[in-house]
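Colleague: Could you take me through this one? I would like to go over a few residues and the helix packing.

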Amino acid sequence: MELDVIIAPTLYGEDELRDRLCAVVDVLRATSTITTALVSGASAVHPCLDIEEAKGGAAKMGDGQALLGGEERGKFIPGFDLGNSPLEYLSRETVEGKVIFFYTSNGTGAIRRTYEACGRPVYIVALNNISSVASAMVSAASAGKAEGIAVLCSGRYGKPSTEDLLCAGMVIDRVAVGLRDNGIITQMVDGASIAAGFAAANEGHSFEVLSSSVHGRYLKTIGYSDDLEYTSRLDIYDAVPVFDGQRIVLSS
Ligand code: MLT
């Protein structure tokens, strides 16, 4: 089975992801925040393509059922309830039972486009839930549900980012080991080898990778240093968020 990592969000050809089992990663910070919101009891997260779509979706819900969350250029969007710091979504009191209409600069669009490109449910992964998503992908692929596997990095405004490369490399490495243990022959294509090599070279140094990345440095300048420590923690959640084309919920 072919294993791939798309190291920047536009680096795949037409039909290249079709029918593949795909995961999307945006460590800083969309997929970390989505995972945190669902673990804190949000009933669903709708990834939106723009601010208007998010506002329109929330407006259709009954009073008090929806929250607007996300960011533009990392910053709070006027009129929204929450930003894109995962720490804001740790409070059960704030998010429990709510449907969150969520827009971010790179991550939510990457999730939507990946669903269109592969035509099947998409896993949402961050460093916080890396092993549970890798195991879910191994189980699905071992059950014959995939021709190949791809992890797509959301990156930053079309360019690669080291924090996503790190997480994608760790996921693909765990998936390779899991499939091999199940007797499935795997082959990494070059994007996957690049990501797995970067992850191996930086093992145990997630925080340093996030702190020295372009987006990590930017987040520090706008007051979000604490997010770097939180999003760099490995496997704090046993949670598998999945986007079904409409919304993201935790897979049971
Ligand atoms: C994004 O989707 O671009 C990010 O989540 C940006 C951020 O750190 O808020």
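Colleague: To begin, which helix is the place of His215?

Modeller: His215 sits in helix α9, residues 214–221, where helices (H or I, at least four residues) and strands (E, at least two) are DSSP runs numbered from the N terminus. This is a predicted model, in which local features need pLDDT of at least 70, side-chain atom pairs count only at pLDDT 80 or more, and totals for chains, interfaces and linings use all residues. Residues are numbered from 1 along each chain as its sequence is written, and side-chain values use heavy atoms, with hydrogens and water left out.

Colleague: Is His215 buried or exposed?

Modeller: His215 has a relative accessible area of 10%, so it counts as buried; buried means under 20% relative accessible area, exposed over 50% and partly exposed in between, with a 1.4 Å probe and protein chains only.

Colleague: And what is His215 in contact with?

Modeller: Leaving aside neighbours within four places in sequence, His215 is in contact with Leu28, Arg156 and Glu163, contact meaning heavy atoms within 4.5 Å.

Colleague: Changing topic, at what angle do α5 and α6 pack?

Modeller: Helix α5 (residues 130–142) and helix α6 (residues 162–181) pack at about 45 degrees, with their axes 9 Å apart. The axes are lines fitted to C-alpha atoms, for helices over the stretch in contact, and angles run from 0 to 180 degrees between N-to-C directions. The two helices are therefore oblique to each other, given that angles under 35 degrees count as roughly parallel, over 145 as roughly antiparallel, 65 to 115 as roughly perpendicular and the rest as oblique.

Colleague: Which residues meet there?

Modeller: From α5 there are Ile130, Ser131, Ala134, Met137, Val138, Ala141 and Ser142, and these meet Cys167, Met170, Val171, Arg174, Val175, Gly178 and Leu179 in α6. The residues of this contact of α5 with α6 divide into 10 nonpolar, three polar and one charged, where Ala, Val, Leu, Ile, Met, Phe, Trp, Tyr, Cys and Pro count as nonpolar, Asp, Glu, Lys and Arg as charged, and the others, Gly among them, as polar.

Colleague: How far apart are the axes of α6 and α7?

Modeller: The axes of α6 and helix α7 (residues 190–201) are 7 Å apart, and the packing angle is about 100 degrees, which makes α6 roughly perpendicular to α7. On the α6 side the contact includes Leu165, Met170 and Ile172, and on the α7 side it includes Ile194 and Phe198. The residues of the contact of α6 with α7 divide into 11 nonpolar, two polar and no charged.

Colleague: Where does Met188 lie?

Modeller: Met188 lies in strand β8, residues 187–188, and at 27% relative accessibility it counts as partly exposed.

Colleague: What does Thr108 touch?

Modeller: Beyond residues up to four places away in sequence, Thr108 touches Pro47, Cys48, Phe102 and Tyr103. Thr108 lies in helix α4, residues 107–118, and counts as buried at 0% relative accessibility.

Colleague: Lastly, how many helices and strands does the protein have?

Modeller: The secondary structure comes to 10 helices and 10 strands, and buried residues make up 55% of the 252 residues. Among contacts with a separation of 6 or more, 78% are between residues 24 or more positions apart.
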